[in-house]
Amino acid sequence: QVQLVESGGGLVQPGGSLRLSCAASGSIFSIVAMGWSRQAPGKERELVARATSGGTTNLADSVKGRFTISRDNAKNTVYLQMNSLKPEDTAVYYCNADIRATIGSTWSTYWGQGTQVTVSS
């Protein structure tokens, strides 16, 4: 069993910053990639950022220059540093991870419970 535990959401004013954290625990042989998606009310879930174990990172065009994704592989943790936040960044942010549970298994995608980020004055 794998668990992803997120933290760091909250209420922030436009232009402010937040840092989200997500720690993976449980039956983990290796983590292929970790990332963040978000879902605003009435909208589909969208990929925000992704970081592979090889160090490749991808960011959605809407957050480039404002958000940074990073990983601490020793702690099985991924971070999302969000700067210059805008009201349109308001959403529930979900951590996800592609994980191999054992040495011979294929990878599966796991999701956290989500953390609310609200950008409002």
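Thr77 has its place in strand E8, where strands, like helices, are DSSP runs numbered from the N terminus (strands are E with at least two residues, helices H or I with at least four). The structure is a predicted model, so local features need pLDDT of at least 70 and side-chain atom pairs count only at pLDDT 80 or more, while totals for chains, interfaces and linings use all residues. Residues are numbered from 1 along each chain as its sequence is written, and side-chain values use heavy atoms, with hydrogens and water left out.

With a relative accessible area of 8%, Thr77 is buried; the classes are buried under 20% relative accessible area, exposed over 50% and partly exposed in between, computed with a 1.4 Å probe on protein chains only. The Thr77 side chain reaches the backbone oxygen of Lys75 at 2.9 Å. Leaving aside residues up to four places away in sequence, Thr77 touches Cys22, Ala23, Met34, Ser70, Arg71 and Asp72, contact here meaning heavy atoms within 4.5 Å.

Strand E8 covers residues 77–82 and pairs with strand E7, residues 67–72, in the antiparallel sense over 6 bridges; two strands pair if DSSP finds at least two bridges between them. Within this pairing, Gln81 of E8 is the bridge partner of Thr68. The two strands form a hairpin with 4 residues between them, and Asn76 in the turn has a positive phi of about 50°.

Attention now turns to Arg38, which is found in strand E4 (residues 30–39). Arg38 is buried, at a relative accessible area of 7%. Its side chain makes polar contacts with the side chain of Asp89 at 3.0 Å and with that of Tyr93 at 2.9 Å. A polar contact is a pair of N or O atoms within 3.5 Å; within protein, one must be able to donate a hydrogen and the other to accept it, and residues adjacent in sequence count only if both atoms are side-chain atoms. Among the residues that Arg38 touches, not counting those up to four places away in sequence, are Glu44, Val48, Ser62, Phe67 and Ala91.

Side chains of opposite charge can pair when their charged atoms come close. A salt bridge is taken as a side-chain nitrogen of Lys or Arg within 4 Å of a carboxyl oxygen of Asp or Glu, and by this rule the count comes to 5 salt bridges. One of them joins Asp89 and Arg38, whose closest N and O atoms are 3.0 Å apart. This pair links distant parts of the chain, 51 residues apart, with Asp89 in the loop between E8 and strand E9 (91–100) and Arg38 in strand E4. Asp89 is buried at a relative accessible area of 1%.

Asp89 also forms a salt bridge with Arg66, the closest N and O atoms being 2.7 Å apart. Here the partners are 23 residues apart, Arg66 being in the loop between strand E6 (57–59) and E7, and Asp89 in the loop between E8 and E9. Arg66 counts as buried, at 10% relative accessibility. Together, Arg38, Glu46, Arg66 and Asp89 are linked in a network of salt bridges.

A further salt bridge brings together the side chains of Asp98 and Arg50 (2.9 Å, N to O). Because Asp98 lies in strand E9 and Arg50 in strand E5 (residues 46–52), the pair ties together parts that are 48 residues apart in sequence. Asp98 counts as buried at 5% relative accessibility, whereas Arg50, at 26%, counts as partly exposed.
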